[in-house]
Amino acid sequence: MSAEASGTVRGRLRRAGRGRTGRNADGTDGTDGGPGGAAGKGRRPRGTRRFPLFTRDTARPEGGGRAAPGDAPAPARQWPLLSVLITVGVGLLVIALDAFRVGLLLVGIGLLGGAVLRWLLPRVGMLAVRSRFTDIVTYGVLGLAIVLLGLMAQPQPWLEIPFLDDVLHYTVRNR
């Protein structure tokens, strides 16, 4: 029985035109007159185990499916990404309206919220860009850095870290 006739994944992929090798289920390539097929039937030559020179497709990131059922409207399917984008957008609008520190805090909180959503939810739609770990670290580190910079912005910082003051005074001296 060939792979096309069986219900194997390889057979289904080959029927869809995405098979990796030209082999039958019994391991023959179908071109040598073996049990899988007769010679000269127009089958592809045996495939290789080497990585292809050009990638045809990429795997969807883990958790990259829809966050809501497929029959839901498009915004509802991507609500995790939209919530992060709206928070960051409001933060940028607040920055434009001259409340620099509060706007930066909103941008940072939006990114931290994206990290939390990526960590807690199994499916986050387009918020999933890379692997779960990489997304959480990226959103978290950038969000934390923006929040800390917003809290330490001059004049009259809301947060003072003493060793950073010493580093600044050491590098920039009054002469």
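**Surface, fold and salt bridges**

The protein exposes about 12,600 Å², of which carbon and sulfur atoms supply 63%. The model is a predicted one. Its secondary structure consists of 6 helices and 0 strands, and Asp135, Arg118 and Arg130 are linked in a network of salt bridges.

**Overall architecture**

- The protein has 175 residues, and buried residues make up 28% of them.
- Among contacts between residues at least 6 apart in sequence, 44% join residues at least 24 apart.

**Salt bridges**

- The count of salt bridges comes to 2.
- Asp135 forms a salt bridge with Arg118, and the closest N and O atoms of this pair are 2.8 Å apart.
- Asp135 belongs to helix H5 (residues 132–152) and Arg118 to helix H4 (residues 100–120), so the pair ties together parts that are 17 residues apart in sequence.
- The side chain of Asp135 also meets that of Arg130 in a salt bridge, with an N to O distance of 3.1 Å.
- Side chains of opposite charge can pair when their charged atoms come close.

**Burial of the network residues**

- Asp135 has 0% relative accessibility and therefore counts as buried, the cut-off for this class being under 20%.
- Arg118 likewise counts as buried, because its relative accessibility is 0%.
- Arg130 is partly exposed, with a relative accessible area of 33%.

**The loop between H4 and H5**

- Arg123 is placed in the loop between H4 and H5.
- With a relative accessibility of 44%, Arg123 counts as partly exposed.
- Arg123 and Ala67 are 56 residues apart in sequence, yet their C-alpha atoms are 5.1 Å apart in space.
- The helices on either side of this loop are the ones that hold Arg118, in H4, and Asp135, in H5.

How values were computed
Residues numbered from 1 in each chain as written. Predicted model: local features only at pLDDT ≥ 70, side-chain atom pairs only at ≥ 80, totals over all residues. Heavy atoms only, no water. Salt bridge = Lys/Arg side-chain N within 4 Å of Asp/Glu carboxyl O. Helix = DSSP H or I, 4+ residues; strand = E, 2+ residues; numbered from the N terminus. Buried < 20%, exposed > 50% of the residue type's maximum accessible area, 1.4 Å probe, protein only. Contact = heavy atoms within 4.5 Å. Areas by Shrake-Rupley, 256 points an atom, 1.4 Å probe, with all protein chains shown as cover.
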